[in-house]
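Please read this briefing alongside the sequence and the coordinates.

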Amino acid sequence: MKRLVVKSEWVIRAVGGRQVPVRDQAVVIEGSRIVDVTVSPPTDVETIDIPGAIVCPGMLNLHNHTINGPLFRGIVDYMKLAGFTGGP
């Protein structure tokens with residue numbers, strides 16, 4: 001079964017029934033399933049590193065404006081939007 005690690009600056013984790021942003025963690029995927037979110041991912045597998053990104057593993061409805069809501073206030077307010085809005 002293929003294993004894959006996705007690394008980013010931020011990962012949204014479910015903690016105590018809440019969606020919480022955590023820094024410098026990685027999502028481990030086996031086949032088509034998320035098997036772990038960890039600070040110590042395996043190193044002997046294919047890795048996708050996305051610096052400065054926010055990874056939201058699982059089925060999430062981002063239409064509710066999660067990214068610009070209180071969850072990320074002060075984090076995404078200053079992220080560059082180049083490539084998303086055509087701006088600088």
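Two strands are said to pair if DSSP finds at least two bridges between them, and the elements themselves are DSSP runs numbered from the N terminus, with strands (E) of at least two residues and helices (H or I) of at least four. With those terms, β1 and β2 form a hairpin with two residues between them, and G16 in the turn has a positive phi of about 60 degrees. This is a predicted model, in which local features need pLDDT of at least 70 and side-chain atom pairs count only at pLDDT 80 or more, while totals for chains, interfaces and linings use all residues. Residues are numbered from 1 along each chain as its sequence is written, and side-chain values use heavy atoms, with hydrogens and water left out.

**Strand pairing**

- Strand β1, which covers residues 3-15, pairs with β3 in the antiparallel sense over five bridges, and V5 has V28 in β3 as its bridge partner.
- The pairing of β1 with β2 is also antiparallel and runs over six bridges, with R18 in β2 as the bridge partner of V15.
- Between β1 and strand β5 (residues 46-55) the sense is parallel, over seven bridges, and here V6 stands opposite I48 in β5.

**Nonpolar core**

- A nonpolar core is a set of buried Ala, Val, Leu, Ile, Met, Phe, Trp, Tyr and Cys residues joined through side-chain atoms within 4.5 Å, where buried means under 20% relative accessible area, exposed means over 50% and partly exposed lies in between, with a 1.4 Å probe and protein chains only.
- The largest such core has eight residues in all, namely L4, V6, V11, V22, V27, I29, V37 and V55.
- Strands β1 and β3 each supply at least two residues of this core, and the largest share, three residues, comes from β1.
- In soluble globular proteins, nonpolar side chains tend to be buried together.
- Leaving aside residues up to four places away in sequence, V37 touches V11, R13, Q25, A26 and V27, contact being defined as heavy atoms within 4.5 Å.

**A loop residue with positive phi**

- In the loop between β2 (18-23) and β3 (26-30) lies D24, which has a positive phi of about 55 degrees although it is not a glycine.
- D24 counts as exposed, because its relative accessibility is 54%.

**Salt bridges**

- The structure holds three salt bridges, each defined as a side-chain nitrogen of Lys or Arg within 4 Å of a carboxyl oxygen of Asp or Glu.
- E46 forms a salt bridge with K2, with the closest N and O atoms 3.2 Å apart; the pair links distant parts of the chain, since E46 is in strand β5 and K2 in the segment before β1, 44 residues apart.
- Within that pair, E46 is partly exposed at a relative accessible area of 42%, whereas K2 counts as exposed at 56% relative accessibility.
- The side chains of E30 and R3 meet in another salt bridge, 3.1 Å from N to O, and this pair connects strand β3, which holds E30, with strand β1, which holds R3, across 27 residues.
- E30 is partly exposed at 26% relative accessibility, and R3 is also partly exposed, with a relative accessible area of 33%.
- E9 forms a salt bridge with R23, where the closest N and O atoms are 2.3 Å apart, and the pair joins E9 in strand β1 to R23 in strand β2, 14 residues apart.
- E9 counts as partly exposed at 24% relative accessibility, and R23 is partly exposed with a relative accessible area of 45%.
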